[in-house]
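Keep the structure open beside you as you read.

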Amino acid sequence: MRRTSWCAGLMALCLVPLARTSGADAPALPKPHRAQEFEVPYRLTIPKHILVRAKINGKGPYNFILDTGAPLLHVAVPVAKRAGLKADAKKWATIERFEIEGGVVVTNAKAHVETPFQLEGMNGLGLAGVEVHGMIGYSVLAKYRMTIDFTRDKMKWVPLDYKPQPLVGLGGKGGGQGGLEAIGGMMKVLGALMGKKAEPIVVMRGFLGATLADGDEYPMVKSVLATGPAGSAGVRVGDKISRVAGRGVYNTADVGKALAREARPGQTFKLTVIRGAETKEIDVKLGEGL
């Protein structure tokens with residue numbers, strides 16, 4: 001009996017640190033601003049990098065790769081020139097408004113103006129299918145909680161009450177890359193010899209101007225821009241969408257596949273909506289997404 005009591009007491013002592021770290025003394029995690037949630041469209045490159053589009057001070061859009069391994073927001077030198085960014089002697093520039101498609105806006109974003117060897121290599125071999133203009137790294141990504149479902153063409157971004165620690169730029173020759181910057185040039189030459197190249201043309205997405213949510217039977221219009229394509233055509237909050245271009249839809253993913261992947265600005269889609277006991281067909285002429 002004494003031996004059993006001694007073992008039980010030892011186990012209790014071992015459990016004390018765990019109880020402390022899991023209670024009120026544990027470090028608080030960043031809390032999301034529940035009132036804000038953004039749906040950010042994305043596509044996958046051939047090597048399965050996540051590619052999004054963004055504007056720099058209203059100019060663009062430009063193609064950026066999400067890179068959790070990159071510490072900074074990197075902007076390629078040619079793009080920085082086109083966007084009018086002025087970098088200092090250490091290649092730092094401030095972007096007053098960095099706008100990611102889907103409504104995410106980062107103000108006064110610090111960016112490092114350089115063309116990393118990864119971008120040169122990908123563009124040289126045409127691995128992204130489009131020209132890549134930069135990388136979005138930790139300094140921006142850490143401010144958001146991101147939910148990625150690869151069966152959908154949009155991911156969810158929720159702002160966090162968290163400010164990442166300032167980081168020091170690592171770019172430039174002799175900046176600790178160990179000669180890896182030469183790989184980008186080699187891949188660029190190899191791509192030219194193979195006839196590979198990036199496609200510089202950016203095709204705009206079709207823009208519906210409405211937010212949908214899954215319903216019991218059909219996707220429902222959760223919000224609509226009054227002056228957007230859907231709102232101007234007569235789509236209202238609460239409408240249930242049963243068909244898009246003659247095809248039945250049962251959730252928001254079905255609508256997204258019909259609009260985001262195939263639709264282009266200026267194209268007209270016929271939406272079949274259920275409003276109360278009435279069924280209506282509404283022609284919506286898509287506008288331009290970012």
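## Before we start

This is a predicted model, so local features need pLDDT of at least 70 and side-chain atom pairs count only at pLDDT 80 or more, while totals for chains, interfaces and linings use all residues. Residues are numbered from 1 along each chain as its sequence is written, and side-chain values use heavy atoms, with hydrogens and water left out.

## A three-stranded sheet

Let's begin with an open sheet of three strands, which run in the order β1-β10-β9 with antiparallel pairing. At the edges sit β1 (38–41) and β9, each of them pairing on one side only. On average, neighbouring strands here are turned by 30° against each other, direction ignored. That angle comes from lines fitted to C-alpha atoms (for helices, over the stretch in contact), taken between N-to-C directions on a scale from 0 to 180 degrees.

Strands (E, at least two residues) and helices (H or I, at least four) are DSSP runs numbered from the N terminus, and two strands pair if DSSP finds at least two bridges between them. β9 and β10 have four bridges, in the antiparallel sense. If you look for Arg145, you'll find that its bridge partner in β10 is Val158.

## Rings that meet

How many aromatic pairs does the structure hold? There are four. For Phe, Tyr and Trp (its six-membered ring), a pair needs centres within 6.5 Å; planes under 30 degrees apart are stacked, over 60 edge-to-face, and the rest tilted. One of the pairs is Tyr42 with Phe150: the centres are 6.3 Å apart and the planes stand at 80°, so this pair is edge-to-face. It links distant parts of the chain, as Tyr42 is in the loop between β1 and β2 (43–44) and Phe150 in the loop between β9 and β10, 108 residues away.

Tyr144 and Trp157 form a tilted pair, because their planes are at 50°, with centres 5.2 Å apart. Tyr144 lies in β9 and Trp157 in β10, so this pair ties together parts 13 residues apart in sequence. Both residues are buried.

## An enclosed helix

Now find helix α3 (residues 117–125). Seven of its nine residues are buried, so the rest of the structure largely encloses this helix. Among the buried ones are Phe117, Leu119, Met122 and Leu125.

## A hairpin to finish

Strands β12 (residues 210–213) and β13 (residues 220–224) pair in the antiparallel sense over four bridges, and a hairpin of six residues joins them. Leu212 stands opposite Val221 in β13.

Ala213 also lies in β12 and is partly exposed, at 27% relative accessibility. Its C-alpha atom is 9.7 Å from that of Ala253, 40 residues apart along the chain.

Notes. Buried < 20%, exposed > 50% of the residue type's maximum accessible area, 1.4 Å probe, protein only.
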